[in-house]
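Here are my notes on the model you sent.

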Number of protein chains: 2
Amino acid sequence: MTDTKKLGRPRNFDYDEALMQAMSVFWTKGYDGASLRDLTQAMGITGPSLYAAFGDKRELYLKTIDLYADVDGCAPVVAFENEEDITKAIKGFLSEVVHYATEHESGAKGCFLASSVVTTVGQIEGVAERVEAAIEDTEKRLAARFAREIDKCTLPTDFPSRERAALLYDLRQGYMFRGRAGWSGERMQKDVDARVQMLLSY
Amino acid sequence: MTDTKKLGRPRNFDYDEALMQAMSVFWTKGYDGASLRDLTQAMGITGPSLYAAFGDKRELYLKTIDLYADVDGCAPVVAFENEEDITKAIKGFLSEVVHYATEHESGAKGCFLASSVVTTVGQIEGVAERVEAAIEDTEKRLAARFAREIDKCTLPTDFPSRERAALLYDLRQGYMFRGRAGWSGERMQKDVDARVQMLLSY
DNA sequence: CTGATTATATATCGATTGATACATAACTAT
DNA sequence: ATAGTTATGTATCAATCGATATATAATCAG
């Protein structure tokens, strides 16, 4: 049984909350566009506190990427996994994506990975692996949901789960890109139904 | 008849070539990640020459975006427009996209707009309009090619040209994102045929 | 209490950033 | 040849960048 109490002076800020704020800044301004002043101001802490808690700028950046991949960015996937009716599940996923791309509470538009992180691939060590892992993890979860439907016999045994998962992912990326470019949610929502049908056709 | 000869000392560098090099730098490093040193070095000119020829960093950036939208980035679209057989046209488009995303001569991966410019939307004046215009222009050209097929009576009159153009565009963005993330062309090429079929189904 | 440990606040570091002043070079027009 | 115009090369600017040294404050173990 390990002691949870920590030594020394306690933090007077919330670690996770500060990390979320940092993510918003990187999301909006990009890695290089986000200055330490921007970050510390948004996080409500001073420079030395940032360095003590998160390491340098690059380490903080990688932590925000992990936060996005593991928690924030997969909201549509969770919705997809938790809806039993596959038609509603797909529609729910795409609708969540559209909503996410245009109405994120942070004010940032699009997808953190697709709209900001992607720029730093090949420039900052540790980013490329994380982006690739995020793609593969998401597609696996999407494919698994389709496969579950095959088990339920509501989709034929030769239904191409992996291909449709990849397709669903690309539709996600398309909506996220459009959201970043300024498209409204209503505009994108219009052809969701047609796409749902397409994803289930065979 | 206007005189083409210009006054003063002539440039000792090629304007378009330098602009292309600047695009490569922005594409690889992003707007904020690209320093004036990076730019002048790649362009083979000095700072004052850059400012005299292209204006400040932002103006140079916008010029590279226009270059991409008007010339370099639309290569797959041109291939799509120029192939008469619609099946081959779609396959050619997607194959060109995959090739473009992974084998661009500049060494940069993905799509300049989707992989770099998108980060600066909302940060640099003039970028958002350009990205939105690029999407709409491309989709219009893609839709027009489908519409031409309806005129040839090789597609039904109720074929959803606009929706399929949007779909084709999103597949493009998906491939570009994967290319930036490090996916190989071979890997992406695998499900091109299935997608061609899907795009023509009704 | 004392000592150890960790976080905070202030102040500031050298390096790099985007951008420019100045003098010179190369061209056209007359 | 001279004047006008534009580009180049050197040298350098103030501002901002990411990062840290130092001293102080707040907690726990004993």
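1. Contact here means heavy atoms within 4.5 Å. The model is a predicted one. Leaving aside neighbours within four places in sequence, Phe54(A) is in contact with Phe13(A), Tyr15(A), Ala18(A), Leu19(A), Met43(A), Ile45(A), Glu59(A), Leu60(A) and Lys63(A).

2. Phe54(A) also belongs to the largest nonpolar core, which has 138 residues. Within that core, Phe54(A), Ile90(A) and Leu94(A), together with Phe54(B), Ile90(B) and Leu94(B), touch the most other members.

3. Now the helix pair. Helix 9 (residues 161-181) of chain A packs against helix 9 (residues 161-181) of chain B, and their axes are 8 Å apart. The angle is about 95 degrees. Angles of 65 to 115 degrees count as roughly perpendicular, so helix 9 of chain A and helix 9 of chain B are roughly perpendicular to each other.

4. Which residues of helix 9 of chain A meet helix 9 of chain B? They are Ala166(A), Leu167(A), Tyr169(A), Asp170(A), Leu171(A), Gln173(A), Gly174(A), Phe177(A) and Arg178(A). On the chain B side are Ala166(B), Leu167(B), Tyr169(B), Asp170(B), Leu171(B), Gln173(B), Gly174(B), Phe177(B) and Arg178(B).

5. On cysteines: a search of the whole structure finds zero disulfides over all chains. A disulfide needs two cysteine sulfur atoms within 2.5 Å. The sulfur of Cys74(B) has its closest cysteine sulfur in Cys111(B), 11 Å away, which is too far for a bond.

6. Cys74(B) counts as buried, at 10% relative accessibility. Cys153(A), at 68%, counts as exposed.

Conventions:
Residues are numbered from 1 along each chain as its sequence is written. Chains are lettered from A and ligands numbered from 1 in the order in which they are written. This is a predicted model: local features need pLDDT of at least 70, side-chain atom pairs count only at pLDDT 80 or more; totals for chains, interfaces and linings use all residues. Side-chain values use heavy atoms; hydrogens and water are left out. Axes are lines fitted to C-alpha atoms, for helices over the stretch in contact, and angles run from 0 to 180 degrees between N-to-C directions. Helices (H or I, at least four residues) and strands (E, at least two) are DSSP runs, numbered from the N terminus. Angles under 35 degrees count as roughly parallel, over 145 as roughly antiparallel, 65 to 115 as roughly perpendicular and the rest as oblique. Buried means under 20% relative accessible area, exposed over 50%, partly exposed in between (1.4 Å probe, protein chains only). A nonpolar core is a set of buried Ala, Val, Leu, Ile, Met, Phe, Trp, Tyr and Cys residues joined through side-chain atoms within 4.5 Å.
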